[in-house]
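The following paragraphs lead the reader through a protein chain, from its overall composition to selected local features. Please keep the sequence and the model in view while reading.

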Amino acid sequence: MRIGLLTEGGYPYVSGDARLWCDRLVRGLERHEFDVYALSRSEQQEDEGWVPLPSQVSRVRTAPLWTAEDDGVVHGRRARRRFAEAYGELASVICSAGTPETREALGGTEAPEGGSSLQADRFGNALYGLAELARDEGGLVGALRSEVAVHTLERACRAPGAFGAAREARVPDLLTVAAHLERALRPLSLDWYEDDGLGSVDLCHAAAGGSAALPGLLAAHFHEVPLLVTEYGVPLRAHYLGASGDAPVRALLAAFHRQLTAEIYRRAACLTPGNTHARRWQERCGADRAKIRTVYPGMEASRFAEVGEAPESADPHTLVWVGRVEPAKDLISLLHAFAEIRRAEPKARLRIVGAAAGDEGAAYLGHCRALAAQLFPAGADGGVHAVGDNPVSFEEIGDPAVPDLAEAYASGAVVVLSSVVEGFPISLVEAMFCGRPTVSTDAGAVVEVIGGTGLVVPPRNPKALAEACVALLRAPERRARLGAAARARALELFTVEQNVAAFRGIYLEVVSHAPVRKPVLDETGAPLPFGAPAEAHVPGRWTEPRLGTGGLGVAGVAGVAGVVGVAGAAGGSGLGGVVSGRPGWAAGTPVRATGTPPAATGEPVPAGEGAR
């Protein structure tokens, strides 16, 4: 089938979110065709270029989310009225659609109950109204930047029913909110939604929610293309955590992103969170549980195979922490915990392996180095054992002592994670591939990933973290058991192979339930019966003449469409019809979704399986 892969700030760019798993997914599904629609986040990201693309990527279309040029279209009276109505409705919903989740995220900011189906319909109608205006008339970027947009937003904030924070918005607040909305709605003005664009794909797969999923919403609206949304993090949660500015700005933007998230979840044919933690957020935001399929990220296990399969040769007194250095990782608590560990186990050592994440991370790393030097006067300012009997080292991947990730994990007897905020803990999975036991804080999806193969303690609790580390350092047999169990769990749940297999099945499931959008016409212009059977999108050589159990080749019964038609007519239930009293058979020939002829297996197919 043909997949429209939608990304924001990631694949196919060299840097960015979800780049690795998108690349592994595309390469793993080599029998599908991919059109990539990518939104870039910065000019620097565009200058860095793309990763090498496999042959199944047939087309790449990109657009900058960090800038947008006004197309110069000046709206006439009718177009101005359409914009005012649609944008006014959008602003009205934002200003009156506060939710308990928004209030909690904003620290109790006043907002009424919301999230009703009526509000969802109003928000969706306004959003698609703006998209239709952009497609029919153009000029949406200029309209969103105009004074009309700011005045419309101001009227909505002052209207009866607006929540308190919205009523308190001043002109600078309104300008900030209007600018944010213009940026968030830039995908509405793209030329991706024509019949030869997203209208030509069988399925849209958004690699994240938020702006990445907006083109998928419009493809569903204009062309009824089914939308699949994968979230390994939750954009709405990330917005709440990163919200800044005065209370009116935070409240209005939170309300907008809450409504956009609800619309994405409502219109998506399927949602695939990367863990139960993300799944709970989706359900809390109104996602239908029947649409949700948890799919763990797929990670490359082979790079850790040598370490995982070899007998443990690490220093039995060494703890290892691996990750990006930033405040959310709470290395301060880890250093205080290590001070307790040293009092109980004087031979213990701590290796902190990772680079600083941005300017904030660099400042935090400096603070951690200073604290380590204070707690351990023997010195914590160099590499491993650089100064005397230095118990703490700060290193980066690529240093002589840690040439790669596998060596970093192999150097320790126990891997530690001390985060206070965590999504999917990649470093823990890598440690599990290496057969290392772990001590972690209960943040994000940690408990779900560990699954009983490591120790978990409360976050921001140095004493509990120290006690758990000491317990494992003193029990080598327990470490070995936990490490073996962790490796087995990681190989079962978190490999690239399981991730690709899961999405292969989900693609077929979603497409099998999607209606045929473009009827096939005969030479007279009339609809051609069975012109687009469900099997038309299933990989396989369906037209090869092969003998079936009933003496008829798959292509010999007027093609697969003809076989399905006979089953539907005789059995009265389409693909699950019963012919000659046998479910799933048509004229004695079983229909299989894999393209394998029935004679090759000799197995009948249960009712309905031929469509999947």
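The model is a predicted one, in which local features need pLDDT of at least 70 and side-chain atom pairs count only at pLDDT 80 or more, whereas totals for chains, interfaces and linings use all residues. Residues are numbered from 1 along each chain as its sequence is written, and side-chain values use heavy atoms, with hydrogens and water left out.

The chain has 612 residues, and 52% of them are buried; a residue is called buried under 20% relative accessible area, exposed over 50%, and partly exposed in between (1.4 Å probe, protein chains only). Its secondary structure comprises 24 helices and 16 strands, taken as DSSP runs numbered from the N terminus (helices: H or I, at least four residues; strands: E, at least two). Of the contacts with a separation of 6 or more, 70% join residues 24 or more positions apart, a contact being heavy atoms within 4.5 Å.

Helix α10, residues 214-223, illustrates a mostly covered element: nine of its 10 residues are buried. These are L214, P215, G216, L217, L218, A219, A220, F222 and H223. What do the buried residues of α10 pack against? Their partners are the strands β1 (2-8), β4 (203-206) and β5 (227-231), together with the helices α5 (117-136), α9 (171-184) and α12 (247-267). Helix α12 also holds H257. Because its relative accessibility is 17%, H257 counts as buried. When residues up to four places away in sequence are left aside, H257 touches H180, L236 and H239.

E224 follows α10 and belongs to the loop between α10 and β5; its phi is positive, near 60°, in a residue other than glycine. R460, likewise not a glycine, has a positive phi of about 55°. R460 is placed in the loop between β12 (455-457) and α20 (462-473), and it is exposed because its relative accessible area is 64%. In the loop between β1 and α1 (19-28) lies P12, and the peptide bond from Y11 to P12 is cis, with omega near 5°.

Charged patches complete the tour. A patch is made of residues with over 30% relative accessible area and no salt bridge, like charges being joined within 9 Å and nonpolar side chains (Val, Leu, Ile, Met, Phe, Trp, Tyr) within 5 Å. A salt bridge is a side-chain nitrogen of Lys or Arg within 4 Å of a carboxyl oxygen of Asp or Glu. Lys and Arg count as positive and Asp and Glu as negative, while His and the chain ends are not counted; the charge is placed at NZ of Lys, CZ of Arg, CG of Asp or CD of Glu.

Which residues form the negative surface patch? They are E43, E46, D47 and E48. E43 is part of helix α2, residues 43-48, and is classed as partly exposed because its relative accessibility is 47%. A positive surface patch is formed by R77, R78, R80 and R81. Within that patch, R78 is located in helix α3, residues 77-96. R78 is exposed because its relative accessible area is 62%.

Note on methods. Areas by Shrake-Rupley, 256 points an atom, 1.4 Å probe, with all protein chains shown as cover.
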